[in-house]
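Please open the structure in your viewer and keep the selection tool at hand. The stops below say what to select next and what is there.

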Amino acid sequence: ALKNQGLYEKALEELEKSIKLGYPEALSYNLKAFILGEYLKDYEGGIYYASKSISIDPFDTEAYFMRARGYAETGREEKALADLDSAVKIDPSDYSLLAERAEILTKLKKYGEAVSDLKKALGSYPENPEIWFGLYKAYFGAGFYSNAVYCLSKAVSAAPEDPVYLEERAF
């Protein structure tokens with residue numbers, strides 16, 4: 001509730017109290033990583049708490065995801081990719097992990113691998129505009145412009161009011 005009210009520091013304090021009272025540490029560390037990284041933009045703090053969560057529960061895909069986000073935001077894409085590889089090995093059907101990994105792969109110019117991940121993600125969510133847009137970027141980066149244009153049109157069809165997709169289509 002505190003996080004949803006924008007009271008991030010207070011939420012972090014309450015999470016620390018809950019840890020001391022015996023609340024599951026891994027989950028609390030995950031929540032701290034999320035608040036620090038996504039809301040406060042303290043990526044190093046997010047990485048730290050996600051790492052603590054992973055040390056307690058090495059099968060926690062959310063912790064790998066949060067740490068990967070922190071690494072990506074601080075220019076450490078290879079480390080982000082390693083974490084996302086670990087998470088996908090744990091849960092290969094999680095489309096959000098596949099899409100996130102594809103974004104990193106695209107940044108690293110590993111377009112074929114990005115396309116493969118995004119096609120798997122589309123198998124679960126064929127109308128997701130973010131996946132179509134990621135596929136557009138991967139195809140475009142690989143030089144497959146016809147495929148890229150098709151994917152961009154699918155993204156715009158799925159989210160016709162999204163200014164990012166419309167702006168990209170205008171170019």
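**A tour of two helix pairs**

Begin by selecting α5 and α6, whose crossing is left-handed; bear in mind, as you look, that this is a predicted model. Where the two helices meet, the contact is made on the α5 side by Glu77, Ala80, Leu81, Leu84, Asp85, Ala87 and Val88, and on the α6 side by Leu97, Leu98, Glu100, Arg101, Ile104, Leu105 and Lys107. Now compare the directions of the two helices: α5 and α6 pack at an angle of about 150°, and their axes are 10 Å apart. Because angles over 145 degrees count as roughly antiparallel, α5 is roughly antiparallel to α6.

Then colour Glu77, Ala80, Leu81, Asp83, Leu84, Ala87 and Val88, which are the buried residues of α5. Looking down the axis of α5, you will find these buried residues within an arc of 165°, so they line one face of the helix. An α-helix has 3.6 residues a turn, so residues three or four places apart point the same way.

Finally, select α2, residues 25-39, together with α4: their axes come within 10 Å and cross at roughly 25°, which makes α2 roughly parallel to α4. In this pair, Asn30, Ala33, Phe34 and Glu38 of α2 meet Glu62, Ala63, Met66 and Arg69 of α4, and the crossing of α2 past α4 is left-handed.

Technical notes. Residues numbered from 1 in each chain as written. Predicted model: local features only at pLDDT ≥ 70, side-chain atom pairs only at ≥ 80, totals over all residues. Heavy atoms only, no water. Buried < 20%, exposed > 50% of the residue type's maximum accessible area, 1.4 Å probe, protein only. Helix = DSSP H or I, 4+ residues; strand = E, 2+ residues; numbered from the N terminus. Arc of directions from axis to C-beta. Axes fitted to C-alpha atoms, helices over the stretch in contact; angles between N-to-C directions. Parallel < 35°, antiparallel > 145°, perpendicular 65-115°, else oblique. Left-handed = near helix turned anticlockwise from the far one by under 90°. Contact = heavy atoms within 4.5 Å.
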